[in-house]
Amino acid sequence: MAETFTKGMARNIYYGGSMFFVLLLLGLAWHTEKVIPERSNDLQLTESVVRGKLVWEQNNCIGCHTLLGEGAYFAPELGNVFVRRGGEESFKAFFKGWMAAQPLNVPGRRAMPQFNLSETEVDDLAEFLKWTSQINTNDWPPNKEG
Amino acid sequence: MNAHLKYASQSVATPYFVFALILFAGQILFGLIMGLQYVVGDFLFPAIPFNVARMVHTNLLIVWLLFGFMGAAYYLIPEESETELYSPKLAWILFWVFAVAGALTILGYLLVPYAGLAKMTGNDLWPTMGREFLEQPFVTKVGIVVVALGFLFNLGMTVLKGRKTVVNMVMMTGLIGLAVMFLFSFVNPDNLVRDKFWWWWVVHLWVEGVWELIMGAILAFVLIKVTGVDREVIEKWLYVIIAMALITGIIGMGHHYFWIGTPGYWLWLGSVFSALEPLPFFAMVLFAFNMINRRRRQHPNKAAALWAMGTAVMAFLGAGVWGFLHTLAPVNYYTHGTQITAAHGHMAFYGAYAMIVMTIISYAMPRLRGIGEAPSNKSQVLEMWGFWLMTIAMVFITLFLTAAGVLQVWLQRIPEDAQAMSFMATQDQVAIFYWLRLAAGVMFLAGLVVYFVSFAYQRDGAAEALPAGDSANA
């Protein structure tokens, strides 16, 4: 750095730059908050979906799976599992059977614990996954395998 | 009295550093368990399911880095402020509060099913648990806030009564930012998109925001001490680095807002600004090497200088280069949430944050232990072996995970619906890279053991009788 570039100038860029971008972020956050309801079908966000989200959280599903690509990379993506596993027609039946069958006890295969969820909890979780699959994600994931 | 400390109260840094390294060892052990579970899926199942091991692995990482940052602050703030710490007693109390709360939380993860832990701690009343990295029960999160407030009060009072330097002001800004951003961990809207949007205000604004201020300040402090270069020069660099960090990193958060339901303009904002995020890390490389080349003294602690250069380089590679690899939206569309993310995460955390904590530990520990400004030659040789073993192991971990990720993208993400391979089938295809990663993980553990052993020899024949002026001239 040339001597003409002083510490004071560097400091001013730091203060001015970060202040500007903090304000820009706040503005963008405000706008994003405003459009999230429309992009996420907020009207479909039923009591059951909300309860399902709590089931999702309280069993630490994110510790193995990804949801919209975020989480752990040990088990399949579940943001689109509703679409991948039967959709409106057969997802719920599939899901109920799947949750009941865990762990599969295949030697050497990655194993999913048995969470002993009640029937309502399984249904709520299914509703949550269905709602999640309808979020406008800019067309992600690229294919149904997630 | 410890003649090698400028201020006696700096010694409260010791328990923080020691406990940080103990947790680090725990983190690595659970990392190895997970590494094995990646290829032997039912290893330790159902005693320690993968999600529990991962929670322990990542939470130990966060907590040991926090202990490391706190130790760094207790060491460098009094020295920069040229005054004793406001209350060493408070620092000790908070140490025990945080250590006990941290240990109990980890034990809770291991001994109680997670749903039971949620129930025991009243998660229904104000749900905050079960989100990646923020799995801690509500009461632990409150504990973290209380510890952070006490810690900031203690340091704030110290800075207020003492000298204000760029280093201590930037360190304080980073630490205050860390505490403030953590408050977003209490925000958990019912709408998943909102939840994810605000979740990143903790995670991104920590690691790609305020933590860079902490890293920059610690690096600047150590470089001032080790090189004897004029403070004015170092402070100018520090301002440039943190200016670039925040100017690119704040809106760079947009690279997490591509596919989670947030609006399309984030694709552009996130791509453009996060593509510039390597700049502050590149500046750190130039900074560290320039200062060491222009050094005005031959500091006997060569290991500390190695860590300082190493952290800059590895942070640039891990956070900068590996971040850039998948940060542009058209690339990230295919790589999002694959092993490429894991590869980047490992090298970035190790390079930027694990290594900066080991840098300050390397510089400070011989003084804290009353040994001198440098440990014995034998100890330094061992420490440097530890450095190279861990660092090279991490390079291999990153390369193998990257290979797994590229193959995963190729098989699972790029083909059309009908041809795409399923997640589980893809995992089988890339298993060889997981085995290699596990081997590299064992190498990392070996490096960690050597690093720990180096502490046993710090006193061994280190020049005990240092010139009287030593503690004063840095």
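**Entry 1: a bridge between chains**

I started with E232(B), which forms a salt bridge with K7(A); the closest N and O atoms are 3.1 Å apart. E232(B) sits in helix α8 of chain B and K7(A) in helix α1 (residues 7–39) of chain A, so the pair joins two chains. I note that this is a predicted model.

I then looked for other bridges across the interface. The rule finds five salt bridges between chain B and chain A. One I checked is R194(B) with E33(A), where the closest N and O atoms are 2.5 Å apart. Over all chains, a search of the whole structure gives 20 salt bridges. Side chains of opposite charge can pair when their charged atoms come close.

**Entry 2: the interface as a whole**

How many residues does each chain bring to the contact? I count 88 from chain B and 74 from chain A. I next looked up the area. Chain B and chain A bury about 6,800 Å² between them, and 63% of that is on carbon and sulfur atoms. In chain B, the residues that lose the most area to chain A are L192(B), K236(B) and Y239(B). Together they make up 10% of what that side buries.

For polar contacts, I get 39 residue pairs between chain B and chain A, both residues at pLDDT 80 or more.

**Entry 3: α7 and α8 of chain B**

I turned to helix α7 (residues 192–227) and helix α8 (residues 231–252) of chain B. Their axes come within 9 Å and cross at roughly 170°. Angles over 145 degrees count as roughly antiparallel, so α7(B) is roughly antiparallel to α8(B).

Which residues meet here? From α7(B) they include H204(B), E208(B), E212(B), G216(B), A220(B) and T227(B). From α8(B) they include R231(B), L238(B), I242(B), A245(B) and G249(B). The contact divides into twelve nonpolar, six polar and three charged residues.

**Entry 4: backbone checks**

I looked up the cis peptide bonds next. The bond from W140(A) to P141(A) is cis, with omega near 0°. P141(A) is in the segment after α5 (119–133) of chain A. The bond from F45(B) to P46(B) is also cis, with omega near 5°. P46(B) lies in the loop between α1 (13–37) and α2 (50–81) of chain B.

Last, I checked phi at N41(A). The value is positive, about 50°, although N41(A) is not a glycine. I place N41(A) in the loop between α1 and α2 (47–58) of chain A.

Technical notes:
Residues numbered from 1 in each chain as written. Chains lettered and ligands numbered in written order. Predicted model: local features only at pLDDT ≥ 70, side-chain atom pairs only at ≥ 80, totals over all residues. Heavy atoms only, no water. Contact = heavy atoms within 4.5 Å. Buried area = accessible area lost by both parts, 1.4 Å probe. Salt bridge = Lys/Arg side-chain N within 4 Å of Asp/Glu carboxyl O. Polar contact = N/O pair within 3.5 Å; in protein donor to acceptor, adjacent residues only side chain to side chain. Axes fitted to C-alpha atoms, helices over the stretch in contact; angles between N-to-C directions. Helix = DSSP H or I, 4+ residues; strand = E, 2+ residues; numbered from the N terminus. Parallel < 35°, antiparallel > 145°, perpendicular 65-115°, else oblique. Nonpolar A, V, L, I, M, F, W, Y, C, P; charged D, E, K, R; others polar.
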